[in-house]
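Here's a walk through one structure, a few spots at a time. Have the viewer open as you read.

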Amino acid sequence: MKLGCCYYPEHWPEDVWAEDARRMAEMGLSLVRIGEFAWSRIEPEPGRYEWDWLDRAIDTLDAAGLKVIMGTPTATPPKWLVDQMPDMVAIDENGRRRGFGSRRHYCFSHEGYRDECTRIVTAMARRYGEHPAIVMWQTDNEYGCHDTVLSYSKAAAARFRVWLAARYETVEALNTAWGNVFWSMEYGSFDEVDPPNLTVTEANPAHWLDYRRFASDEVVSFNREQLAILREHSPDRDITHNFMGFFSEFDHHEVGRDLDVATWDSYPLGFLEQFWFSDTEKRAYLRQGHPDIAAFHHDLYRGCSNGRWGVMEQQPGPVNWARFNPAPLPGMVELWTLEAMAHGAELTSYFRWRQAPFAQEQMHAGLLRPDSSEAEAAAEVRAAARAIRILGPQTPDPAKVAVVFSYEAAWIFGIQPQGRSFRYLELVFEWYSALRQCGLNIDIVSPAADLSGYSMVLVPSLPIVPEGFLDKFAALSCPVLLGPRSGSKTESFSIPEGLAPGELKRLIPLTITRVESLRDGIHETGDGWSITRWREDVQTDLEPEFVLADGRGIVFRDDNIRYCAGWPDHALMRRIIEKMAQEGDIGLLDLPEGLRVRRTASHLFIFNYSTEPRVLAEAGERVLPITADAIPLGR
Ligand code: GAL
């Protein structure tokens, strides 16, 4: 795994560049990402390009032996361009323009803006495509950041209508698919269909789902336009995009399929603070991040692009954007770095080299402080570089367990949660976390993935069963767990004929006759475990495997297939996993709080996220003793 950093030469006087580059190399870095926000310096006026400074920046990095990841600058169109084309900005759900003055002020559907992107990316690719220092391109920056996937502009409406016409062919077909007879929502032609915002009460969920599918396709095609240019003018260079954490607004499997390397931006402390974690977890892991946050995304994004992936932005200290921004404990930056390596990353790049004293992110730490002295993380980067050298290249130990992740499922439960706390990402994360606490290597894969090599497959929920899925699952002989609401919707967001789980009845003969959502704090209890948030009534001849105290069945099993008719707590999840592991012949650990492991072909990595020392023997007999070449981290 190579180490790198995100660098903005345009933020610093040119006379510090060479010294910066020297210090980066000395610290153990070999990659530098630049360029992704530099449009106003590359093209200060329409058509007038200023390449000289960027040429010199690349040459300076090159001279220090560093390789460059070049970002296309399309996340930050300059003011003159927005003034030229005021309608290129996105329109928010309330119909307001998303104005100039920060970043991501564009609408994916604006064809004039797409042309401008083609122009600037072509110019950059022509200039640097074959430069020997450039080893990778990053398209744009964090598609969707700041809530920018969905736009309700005229441009988006126009392309949505074309998208609908291609999908349904006739407006009658659309009306039938969406059920538009309800509330007299029928359309006479595709031209009459607007985006689903600004309706009096909720719009038709089928309308929303298609709008989300459309918006996701817009991201895919926007990205493809850049890829085509880069592939033409910059042969043999890898292309990546930097995905975000806990973000599901577009289909990352689709975008990832087009990339050579999927990368993501890892801010474990910011994510812990910003997302659903309990107060207890937020306190316990304040300066470490929840032990599964980074790993979850490593395993998710590894599944997004043929296995090649990395961390493009690694948190090095306090960030500026969460509600509270604590500093990592000593040792965490090194731990996060080595954990990425253990999961198979080919790069980890820190955001950012030097903290900027100006503008929006002046409170965001870097490897250097604004005065160029070393921040706390610098020593840990050196230590990580040393550890990576000692450990040597790591070959993966293939995971036996797959968790199926569906972006469409995230959209569906976002559109119609039916219970406020039915959050798909959280459901998947909880199942993943339960598996990790058993010491397993896990792959998070798309519903289209080949599952034949796994010994255990978990599907936290898959409301729409995609084509080919049933046959693939019918052919599996390993234990499979299907979660609540699987098979509960048709392709066009209706209840399937014969009720849920629709076609999945072919895998397990049961029918969901009624569902209920439960408010926070309500637990339906079984024997040492409980169901929260969601519970289903099941009609079946199968004997339930897990039963609530009042006799209602929750987990049903038919041969190798199980169905869980509720949102299981950790204890129930653990019990189910134990049964499945036994059937799949998989060894489990019972790791103490905060401890996680990850195996590669040659090493067992053990990460302690708790604030206490942990005794490895407690982790079970199967944990190997520490050997002489183990590398203890800073704490
Ligand atoms: C990322 C973004 C970076 C920077 C960073 C701060 O979301 O890609 O440009 O803003 O967050 O943590």
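## Helix α6 and its neighbours

Contact here means heavy atoms within 4.5 Å. Keep in mind, too, that this is a predicted model. With that in hand, look at helix α6: its buried residues pack against α5 (111-128), α7 (171-178) and α8 (205-233). Those buried residues are Ala-156, Ala-157, Arg-159, Phe-160, Arg-161, Trp-163, Leu-164 and Tyr-168.

How far apart are the end C-alpha atoms of α6? Helix α6 has 15 residues (154-168), and at 1.5 Å a residue these should span 21 Å; the end C-alpha atoms are 21 Å apart, so the two agree.

## Aromatic pairs

A search of the whole structure turns up 53 aromatic pairs. Take Tyr-152 and Tyr-211: their ring centres are 5.6 Å apart and their planes sit at 15°, so the pair counts as stacked. Tyr-152 is in the loop between β4 (134-138) and α6, while Tyr-211 is in helix α8, so this pair ties together parts that are 59 residues apart in sequence. Both tyrosines, Tyr-152 and Tyr-211, are buried.

Phe-296 and Phe-429 make an edge-to-face pair, with 5.4 Å from centre to centre and 65° between the planes. Phe-296 belongs to helix α12 (residues 293-302) and Phe-429 to helix α16 (residues 424-436), so here the parts tied together are 133 residues apart in sequence. Phe-296 counts as buried because its relative accessibility is 0%, and Phe-429 counts as buried at 3%.

## An arginine over two rings

Now jump to Arg-485. Its charged end sits over the ring of Phe-422, 4.5 Å from the ring centre. Arg-485 also lies over the face of Trp-534, at 4.0 Å from that ring's centre.

## Around the ligand

Which residues surround the ligand? They are Phe-37, Arg-103, Asn-141, Glu-142, Asp-265, Tyr-267, Glu-313, Trp-321, Phe-351, Glu-361 and His-364.

Arg-103 places a polar side-chain atom 2.8 Å from an oxygen atom of the ligand. For Glu-142, a side-chain N or O atom is 2.4 Å from a ligand oxygen atom; for Glu-361, the corresponding distance is 2.3 Å.

## His-105

Is His-105 buried or exposed? At 2% relative accessibility, it counts as buried. His-105 lies in the loop between α4 (79-84) and α5, and its side chain reaches the backbone oxygen of Pro-77 at 2.8 Å. Leaving out residues up to four places away in sequence, His-105 touches Ala-75, Thr-76, Pro-77, Val-82, Met-88, Val-89, Arg-98, Gly-99 and Phe-100.

Most residues other than glycine have a negative phi, and most peptide bonds are trans. Against that background, the peptide bond from Phe-351 to Arg-352 is cis, with omega near 5°. Arg-352 is in the loop between β8 (347-350) and α14 (376-391). Another cis bond joins Ala-500 and Pro-501, with omega about 5°, and Pro-501 is in the loop between β12 (480-482) and β13 (511-517).

As for phi, Asp-147 has a positive value near 60°. Asp-147 lies in the loop between β4 and α6 and is exposed, with a relative accessible area of 55%. Ser-184 has a positive phi of about 55°; Ser-184 is in the loop between α7 and α8 and counts as exposed at 67% relative accessibility.

Notes:
Residues numbered from 1 in each chain as written. Predicted model: local features only at pLDDT ≥ 70, side-chain atom pairs only at ≥ 80, totals over all residues. Heavy atoms only, no water. Helix = DSSP H or I, 4+ residues; strand = E, 2+ residues; numbered from the N terminus. Expected span 1.5 Å × (residues − 1). Buried < 20%, exposed > 50% of the residue type's maximum accessible area, 1.4 Å probe, protein only. Phe/Tyr/Trp six-rings, centres within 6.5 Å; stacked < 30°, edge-to-face > 60°. Lys NZ or Arg CZ within 6 Å of the ring centre and 35° of its normal. Near = heavy atom within 4 Å. Polar contact = N/O pair within 3.5 Å; in protein donor to acceptor, adjacent residues only side chain to side chain.
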